[in-house]
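Here's a quick briefing to read with the model open beside you. We start at the ligand and finish with the aromatic rings.

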Amino acid sequence: MKLAKFALVGLVAAFAAPVAAQTTLTMNHPLPINSHYGAGAVAFKEDIERRTNNRIRVNIQRNDNERENIEALQIGTGDLTITSTGPVGNFVPETRIFDIPFLFRDYAHARGVLDSQIGQDVLARFPARNIIALAWLENGFRNMTNSRREVSKPDDVRGLKVRTMENQVHMQAFRTMGALPTPMAFSELVPALQQGTVDGQENPIPVIVANNLNQVQRYLSLTRHVYSPAMLLMSPAAWNRLNDADKAAFREAAKAAQAANRARVSADEESGVDELRRRGMTVTTTVDMAGFQSAMNPAMEGWGREFGAANIERIRAWRP
Ligand code: EAX
């Protein structure tokens with residue numbers, strides 16, 4: 001009799017055991033789902049849901065104000081975000097060194113530095129600013145567009161009202177070239193271009209293609225004047241609710257997001273310029289890169305003082 005009662009208690013306990021709570025986290029990012037950020041977001045979602053057998057779900061939403069998305073992580077109203085480093089330097093100043101124009105030779109150089117100890121050391125700076133940095137992702141090399149004229153050399157930029165991200169390094173770069181930098185969130189960009197508040201903007205090919213900026217910009221110049229990192233960031237409030245196994249799963253899913261995001265950037269770089277020509281943009285491919293680099297020299301001295309000339313040189317000299 002005793003055994004039967006014991007078995008009954010066990011059976012009741014088994015059914016009464018709490019089912020592992022199902023959690024849904026929200027991931028905000030500023031671009032269409034059919035974009036290099038969307039590719040990273042979907043890869044992260046699928047990986048986490050597979051690893052946790054859907055105990056943790058990820059709800060992907062579009063919010064094109066990156067600064068707001070980051071602030072939401074700090075106050076705990078947002079769980080995850082994919083963002084360019086545009087506004088990030090206002091939260092974690094150490095990231096701004098990567099926003100210096102003409103710092104990286106090519107994609108392999110940028111990806112290598114960010115995945116090396118140099119980049120990982122910057123990720124480690126985020127928790128002190130109440131943000132968890134899960135991984136470096138990628139926005140891409142930025143190119144200028146405008147509706148006034150073809151741009152092939154620094155003098156062509158002089159006098160142009162250029163929308164920049166809310167990024168001090170980029171604003172200084174355009175000011176140095178004689179342009180009129182106008183910082184604003186991505187959410188304000190298209191209305192500003194439509195109303196003529198600004199003449200131009202600068203963004204990687206993937207962003208220009210995904211957002212059909214050809215509809216509001218006539219000229220594209222392949223200036224590739226700065227590499228724009230992106231990041232996968234998380235709220236400490238959401239992070240601290242994870243157990244150690246789930247934290248490890250999040251770090252693995254961030255790697256899947258990085259791989260998918262970078263693969264989409266590479267694909268967009270392959271096809272995006274021809275697509276923008278097909279959509280009617282006038283594309284200037286012969287750009288005086290050396291001229292643009294020397295036009296930045298007056299600002300470079302200031303960046304050397306701000307970030308350490310040796311630190312900048314260490315990044316420039318990095319080899320795989
Ligand atoms: O992160 O604001 C920008 O120009 C960014 O490149 C865009 O939001 C993608």
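**The ligand and its surroundings**

Around the ligand sit Tyr-37, Glu-66, Ser-84, Asn-139, Arg-142, Arg-163, Met-165, Phe-186 and Asn-203, where being around it takes a heavy atom within 4 Å. Bear in mind that this is a predicted model, with local features needing pLDDT of at least 70, side-chain atom pairs counting only at pLDDT 80 or more, and totals for chains, interfaces and linings using all residues. Numbering runs from 1 along each chain as its sequence is written, and side-chain values use heavy atoms, leaving out hydrogens and water.

**Shell and contacts**

- By class, the shell splits into 3 nonpolar, 3 polar and 3 charged residues; Ala, Val, Leu, Ile, Met, Phe, Trp, Tyr, Cys and Pro count as nonpolar, Asp, Glu, Lys and Arg as charged, and the others, Gly among them, as polar.
- Glu-66 puts a polar side-chain atom 2.6 Å from a ligand oxygen.
- For Arg-163, a polar side-chain atom lies 2.7 Å from an oxygen of the ligand.
- Asn-203 has a side-chain N or O atom 2.7 Å from a ligand oxygen.
- The protein buries 99% of the 260 Å² that the ligand exposes when taken alone (Shrake-Rupley method, 1.4 Å probe).

**Aromatic pairs**

- There are 7 aromatic pairs in the structure (ring centres within 6.5 Å; planes under 30 degrees apart are stacked, over 60 edge-to-face, the rest tilted).
- Phe-98 and Trp-136 form an edge-to-face pair, because their ring centres are 5.3 Å apart and their planes stand at 90°.
- Phe-98 lies in the loop between strand S3 (80-84) and helix H4 (107-115) and Trp-136 in strand S4 (residues 132-146), so the pair ties together parts 38 residues apart in sequence; helices (H or I, at least four residues) and strands (E, at least two) are DSSP runs, numbered from the N terminus.

How values were computed. A polar contact is a pair of N or O atoms within 3.5 Å; within protein, one must be able to donate a hydrogen and the other to accept it, and residues adjacent in sequence count only if both atoms are side-chain atoms. Rings of Phe, Tyr and Trp (its six-membered ring) pair if their centres lie within 6.5 Å; planes under 30 degrees apart count as stacked, over 60 as edge-to-face and the rest as tilted.
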